[in-house]
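Have the backbone in view and follow along.

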Amino acid sequence: RMYIPDQFMGHTFTNEEKTALINDRNMGKVIELQDLSGKKDKYFIGVDSKTNEIIPLKQKNINLSDKIKGVGLSEEQKQTLMNGGKVNLQGMTGKNDKKFSATLQVDPAGRTIAFSDFKQAKKQQVKEENTETVKKGKGIKVG
């Protein structure tokens, strides 16, 4: 079982924050922490999946591009990501030009944007009426 200390870099974790770190390995928000020299800054907080260490990542060290996998991010989506939240993005282009949607969140441990809840875009079924295969049955006259 993962151990989350009560305090980390001058921040006292709430029960909700501890639960998020244990369950999601991500606090899901940005908080102010103090480094060893006493300097305060805003950080994303995550938990390394291999070592279970708490990983702080300075918010200012994340540069979001305007597009992710070919889909443009709105200012609102960028703000959500920069504040540690999750954003669902649809219509991204993956390998072999396959379209997909996923939930994105800054991953402090990986120092990257993490993708979860992948959904492959459904290919649109094109129903073609192939008239050659429609056999006309003989009409039976009634009456």
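Start at the hairpin of β4 and β5: six residues sit between its strands, and among them you can look for Asn52, which takes a positive phi near 60 degrees. A word on names: helices (H or I, at least four residues) and strands (E, at least two) are DSSP runs, numbered from the N terminus. Two strands count as paired if DSSP finds at least two bridges between them. What you're looking at is a predicted model, in which local features need pLDDT of at least 70 and side-chain atom pairs count only at pLDDT 80 or more, while totals for chains, interfaces and linings use all residues. Residues are numbered from 1 along each chain as its sequence is written, and side-chain values use heavy atoms, with hydrogens and water left out.

Strand β4 (residues 40-47) and β5 run antiparallel and are joined by five bridges, with Gly46 standing opposite Ile55 in β5.

Now for the helix. Which residues of α1 are buried? They are Glu17, Lys18, Ala20 and Leu21, where buried means under 20% relative accessible area, exposed over 50%, and partly exposed in between (1.4 Å probe, protein chains only). Seen down the axis of α1, the buried residues fall within an arc of 160 degrees, so they line one face of the helix. That arc is taken from the directions from the helix axis to the C-beta atoms. The cover over these buried residues includes β2 (11-12), β3 and β4. Turned away from the buried side, the other face carries the exposed Asn15, Glu16 and Asn23.

Two loop residues deserve a glance too. Arg25 is partly exposed, with a relative accessible area of 27%. Met9, in the loop between β1 (7-8) and β2, isn't a glycine but has a positive phi of about 50 degrees. Met9 is partly exposed as well, at a relative accessible area of 25%.

Seven of its nine residues are buried, so β9 is largely enclosed by the rest of the structure. Strand β8 (residues 87-93) runs antiparallel to β9 and is joined to it by five bridges, and Leu89 has Ala102 as its bridge partner. Their hairpin has five residues between the strands, and Asn96 there takes a positive phi near 55 degrees. β9 also pairs with strand β10 (residues 112-120), again in the antiparallel sense, over seven bridges; here Ser101 stands opposite Lys119. The β9 and β10 hairpin has four residues between the strands, and Arg111 takes a positive phi near 50 degrees.

Key
Contact = heavy atoms within 4.5 Å.
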